[in-house]
Structures are given as C-alpha cells and as structure tokens.
Amino acid sequence: MNFSYLLCLIFFVLNSFVQGYSLLPTSAIQSPSLNRVQSIDRIIISGNKYLSSSYIESLYKLQTQVGYTVIESMLKQDIQGLYLTGYFRNIRSYSILTPAGHTLVLKVQENPRIQDILFKGNTVFSDKTLTRLLANQKGKILNLKKLKQDKQAIETFYRSKGYELCHVMNIVLT
C-alpha cells in the first residue's frame, strides 16, 4: 500500500467551558453606544477574566486615544481590530461621565479557556506529536485566528511526511 495517497481523517476537538460555542459569533462586533463625547480622558478595558488589560492593549494599537474626541468610525475599527485578534467573542463600548471627564469603556468577552484537545482518526502520528504543532494549547484562551493556523499546521505536517491527501475534516468546539 502506498501511504503517500492515504487519506487522513483527523477530527480535532477542543473542549471548553462553554457548551455549544460557535466559530462565528452572530454579534461579535457591536456598534458603539456612546453619548456625545467631547474628549476621552481615560480608556478602560473591562470584562476580561484571563487576559490582562495591558496584554489586550498590546494586541491592537487603538486609534481612539486619550485626549481625542471619539469618532464612531475609528471606534468601530478599534472594536473590529480587537475582535480580529481571535481572542474575543464579543466587544462593546460605552462612555461614562465621571468627575474627571469622559471614560471610554471597552467591555470584552473573551473566548473560553481550552480544557482539552482531542484528536480522532489519527493513526499515523500520536496526539502528543500533533498537539506540539498547535498554537492553541490546553489551559490557554481559545484563539479562533490561531485555530485556522492549527488546522493548516496539521495538514502541512502530514503532507511533509508524504500524506498528500491529508485533510482536517472537522473542528468541534464543545
């Protein structure tokens, strides 16, 4: 039997805290609900449980800055930019009038932590070998952008070993 033509069926399962989690949230980017704001004196990231605010700030350079007037189109781009990092299932924004001025709040809802990674249908390489190829790892926050890269990494690995027809058939998040 010529193994280079063996069709590899691999099912990649990530168990997380959330049951029925979907790859494409229906309303991940919500329109800003801001009062008319003169200028922002503070930006707060809230709702984050696993990723620090400073880490979130490092993921995407916000166009909306302290001291600037909020421009809805820029704020929408900021929200979309943060969402596209792959770590968030929802991001909302609002402003709060405080004695010090206007505070812009970016309320994030992170993707769940990965509880387990299971492979089904892999007979040639061990789970341990395949897990080492992944950017998403057990105990880390699920990153949907990296999930696509993980699928590609497994397929590339199999092809590099002569399994040209290898294809990751399904990714299931439960």
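Author: Helices here are DSSP runs of H or I with at least four residues, strands are runs of E with at least two, and both are numbered from the N terminus. By that rule the protein has four helices and six strands. This is a predicted model, where local features need pLDDT of at least 70 and side-chain atom pairs count only at pLDDT 80 or more, while totals for chains, interfaces and linings use all residues. Residues are numbered from 1 along each chain as its sequence is written, and side-chain values use heavy atoms, with hydrogens and water left out.

Reader: Why is Glu155 called buried?

Author: Buried means under 20% relative accessible area, exposed means over 50%, and partly exposed is in between (1.4 Å probe, protein chains only). Glu155 has a relative accessible area of 5%, so Glu155 counts as buried. Glu155 lies in helix α4. Across the protein, buried residues make up 38% of the 174 residues.

Reader: And what makes the Glu155 and His167 side chains a polar contact?

Author: A polar contact is a pair of N or O atoms within 3.5 Å; within protein, one must be able to donate a hydrogen and the other to accept it, and residues adjacent in sequence count only if both atoms are side-chain atoms. The side chains of Glu155 and His167 make theirs at 3.0 Å. A polar atom of the Glu155 side chain also lies 2.8 Å from the backbone nitrogen of Val168.

Reader: Now Lys138: why is that residue exposed?

Author: Its relative accessibility is 55%, so Lys138 counts as exposed. Lys138 is in the loop between α3 (127–131) and α4 (144–160).

Reader: Which residues is Lys138 in contact with, leaving aside neighbours within four places in sequence?

Author: Contact means heavy atoms within 4.5 Å. With those neighbours set aside, Lys138 is in contact with Ile114, Gln115, Asp116 and Ile117. The C-alpha atoms of Lys138 and Ile114 are 5.0 Å apart, though 24 residues separate the two in sequence.

Reader: What makes Arg92 partly exposed?

Author: Arg92 has a relative accessible area of 35%, so the label is partly exposed. Its place is in strand β3 (residues 88–98).

Reader: How do you know that β2 and β4 pair?

Author: Two strands pair if DSSP finds at least two bridges between them. β2 and strand β4 (residues 101–110) pair over six bridges, in the parallel sense. Within that pairing, Ile43 stands opposite Leu104 in β4. Three strands form an open sheet in the order β2-β4-β3, with mixed pairing.

Reader: Why do β2 and β3 stand at the edges?

Author: Each has a single partner strand, so one side of β2 (40–46) and one side of β3 are left without a neighbour in the sheet.

Reader: Last one: why is the Tyr55 and Tyr87 pair edge-to-face?

Author: Rings of Phe, Tyr and Trp (its six-membered ring) pair if their centres lie within 6.5 Å; planes under 30 degrees apart count as stacked, over 60 as edge-to-face and the rest as tilted. A search of the whole structure finds six aromatic pairs. The Tyr55 and Tyr87 ring centres are 6.2 Å apart and the planes are at 80°, so this pair is edge-to-face. Tyr55 sits in helix α1 (residues 53–59) and Tyr87 in the loop between α2 and β3, 32 residues apart.
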